[in-house]
Amino acid sequence: MDRTVTLREVTRENIRDVLALKVSQAQEHLVPTVGDMIARATVEESAWFRAIYADDTPVGFLKVWEANAEEPDLWGLLVDAAHQGRGYARAAVELAIKEIKARNSMAKRLCVGFLAEEGARAFYEKLGFVVEREQAFDGWVESIAYRGLQ
């Protein structure tokens, strides 16, 4: 990757470009749209989101939910279909981890919810996330978490 990746706030100047980001049709069932993620984040006090930029081009979006200060969740990660496979998602997750560490000294692990797609599991494992199984009220729940926040 020869472009600089940054996380930027979504503003009135970039909202249209950010809302235009879309995954491929084959991936639509795996991730909400950017508009859906922004809508949910605006009514959740503990959520924040960023546009993912490669140089000055918006290429993706991510959303973090910090309702549990010790275990924030990466609730959404989307890289536009035209920009996939270039390392932008990896760089964005690494930047999100840095931002979480800077914002929240209590954070111990970053969780990603249920992973329905094996490619997503492999992606997160390459970043140092590990699969965890937890007992829930209705059986076992599998998630993947990054424990290097502290």
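Predicted model: local features only at pLDDT ≥ 70, side-chain atom pairs only at ≥ 80, totals over all residues.

Visitor: Thanks! Where is E132 found, and which side chain does a polar contact join to E132?

Guide: E132 is in strand β6, which covers residues 130–136. Its side chain is joined to that of R147 by a polar contact of 2.8 Å. A polar contact is a pair of N or O atoms within 3.5 Å; within protein, one must be able to donate a hydrogen and the other to accept it, and residues adjacent in sequence count only if both atoms are side-chain atoms.

Visitor: Let's zoom out. How many helices and strands are there?

Guide: The protein chain has four helices and seven strands. Both are DSSP runs numbered from the N terminus: helices are H or I with at least four residues, strands are E with at least two. Starting at the N terminus, the order is β-α-α-β-β-β-α-β-α-β-β. The radius of gyration of the protein chain is 15 Å, close to the 15 Å that the globule rule gives for 150 residues, so the chain is as compact as a globular protein of that length. That radius is taken over C-alpha atoms, and the rule is 2.2 Å times the number of residues to the power 0.38.

Visitor: And what does the C-alpha trace span?

Guide: About 40 × 35 × 30 Å along its principal axes. Of the 150 residues in the protein chain, 43% are buried.

Visitor: Back to single residues. What does R50 make a polar contact with?

Guide: The side chain of R50 meets the side chain of E99 in a polar contact of 2.7 Å. R50 sits in strand β2 and is buried, with a relative accessible area of 10%. Leaving aside neighbours within four places in sequence, R50 is in contact with residues including L7, R8, F61, E99 and R103. Contact means heavy atoms within 4.5 Å.

Visitor: You mentioned R8. What does its charged end sit over?

Guide: The ring of Y53, at 4.1 Å from the ring centre. A charge sits over a ring if NZ of Lys or CZ of Arg is within 6 Å of the ring centre and within 35 degrees of the ring normal.

Visitor: Speaking of rings, how many aromatic pairs are there?

Guide: The structure holds five aromatic pairs. In one of them, the ring centres of Y124 and F129 are 5.1 Å apart and the planes are at 65°, so this pair is edge-to-face. Rings of Phe, Tyr and Trp (its six-membered ring) pair if their centres lie within 6.5 Å; planes under 30 degrees apart count as stacked, over 60 as edge-to-face and the rest as tilted. Y124 is buried at 6% relative accessibility, and F129 is buried with a relative accessible area of 2%. Ring pairs also link F123, Y124, F129 and Y146 into a cluster.

Visitor: New topic! What is the phi of D55?

Guide: D55 has a positive phi of about 55°, although it is not a glycine. Most residues other than glycine have a negative phi. D55 is in the loop between β2 (47–54) and β3 (57–65), and it is partly exposed, with a relative accessible area of 34%.

Visitor: One more loop, please. Where does P32 lie?

Guide: P32 lies in the loop between α1 (15–19) and α2 (34–42), and it is partly exposed at a relative accessible area of 39%. Neighbours within four places in sequence aside, P32 is in contact with M37 and L78.

Visitor: And L78, is that buried or exposed?

Guide: L78 counts as buried, at 2% relative accessibility. You'll find L78 in strand β4, residues 73–79. Not counting residues up to four places away in sequence, L78 touches P32, M37 and I52, among others.

Technical notes. Residues numbered from 1 in each chain as written. Heavy atoms only, no water. Buried < 20%, exposed > 50% of the residue type's maximum accessible area, 1.4 Å probe, protein only.
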